[in-house]
Amino acid sequence: MNTLKTTIGSIAFILVLGVLGGCLDGPEDHQGDWAQSDNLKALQDSEAGTARRQAAAQALCNEARGPNSEARWLSDGSLACTSRRAVVKAQVQL
């Protein structure tokens, strides 16, 4: 009877390891996390570049139209410096 319990316990243990074996895998489990981390890093770098571009555009508009101007990017990619009175396009080489 004791041998039967030991055998059943051993078989159950082996089955549990077989079922949970996928959870115990090595570094491959983190490949999705690494890809997500790489995507987040690329997005943060892109946003930093966009912020620098917007700051440079705002400085150009402040110089051209004064401190009350606003830098806006039009759908064609050109920069529009707006003030309280009118819209004026400024050429920007990127």
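Begin by selecting Arg 53 and Trp 73, where the charged end of Arg 53 sits over the ring of Trp 73 at 3.7 Å from its centre; a charge is said to sit over a ring if NZ of Lys or CZ of Arg is within 6 Å of the ring centre and within 35 degrees of the ring normal. The model on screen is predicted, so local features need pLDDT of at least 70 and side-chain atom pairs count only at pLDDT 80 or more, whereas totals for chains, interfaces and linings use all residues. Residues are numbered from 1 along each chain as its sequence is written, and side-chain values use heavy atoms, with hydrogens and water left out.

Next, show the whole chain as a cartoon. The secondary structure of the protein chain comes to two helices and three strands, and along the sequence these follow the pattern α-α-β-β-β; helices (H or I, at least four residues) and strands (E, at least two) are DSSP runs, numbered from the N terminus. Of the 94 residues, 12% count as buried, where buried means under 20% relative accessible area, exposed over 50% and partly exposed in between, with a 1.4 Å probe and protein chains only. The accessible surface of the chain comes to about 7,700 Å², and 58% of that surface belongs to carbon and sulfur atoms; such areas come from the Shrake-Rupley method with a 1.4 Å probe, and for residues only the protein chains shown count as cover.

Now select Cys 61 and Cys 81, which form a disulfide with their sulfur atoms 1.9 Å apart, a disulfide being a pair of cysteine sulfur atoms within 2.5 Å. A search of the whole structure finds one disulfide, and this link of Cys 61 and Cys 81 is left-handed, with -75 degrees about the S-S bond. Because Cys 61 lies in helix 2 (residues 31–65) and Cys 81 in strand 2 (residues 79–82), the pair ties together parts that are 20 residues apart in sequence. Cys 61 is buried, with a relative accessible area of 0%, and Cys 81 is buried too, at 1%.

From Ala 57, look for its contacts (heavy atoms within 4.5 Å): not counting residues up to four places away in sequence, Ala 57 touches Ala 71, Trp 73 and Leu 79.

Move on to Ser 69, found in the loop between helix 2 and strand 1 (70–73). At 7% relative accessibility, Ser 69 counts as buried. Leaving aside neighbours within four places in sequence, Ser 69 is in contact with Gln 58, Cys 61, Asn 62, Thr 82 and Ser 83.

From there, select Ser 83, whose place is in the loop between strand 2 and strand 3 (87–90). Ser 83 counts as partly exposed, at 24% relative accessibility. With neighbours within four places in sequence again left aside, Ser 83 is in contact with Arg 65, Asn 68 and Ser 69. To finish, draw a distance from Ser 83 to Gly 66, C-alpha to C-alpha: these residues are 17 apart in sequence and 8.1 Å apart in space.
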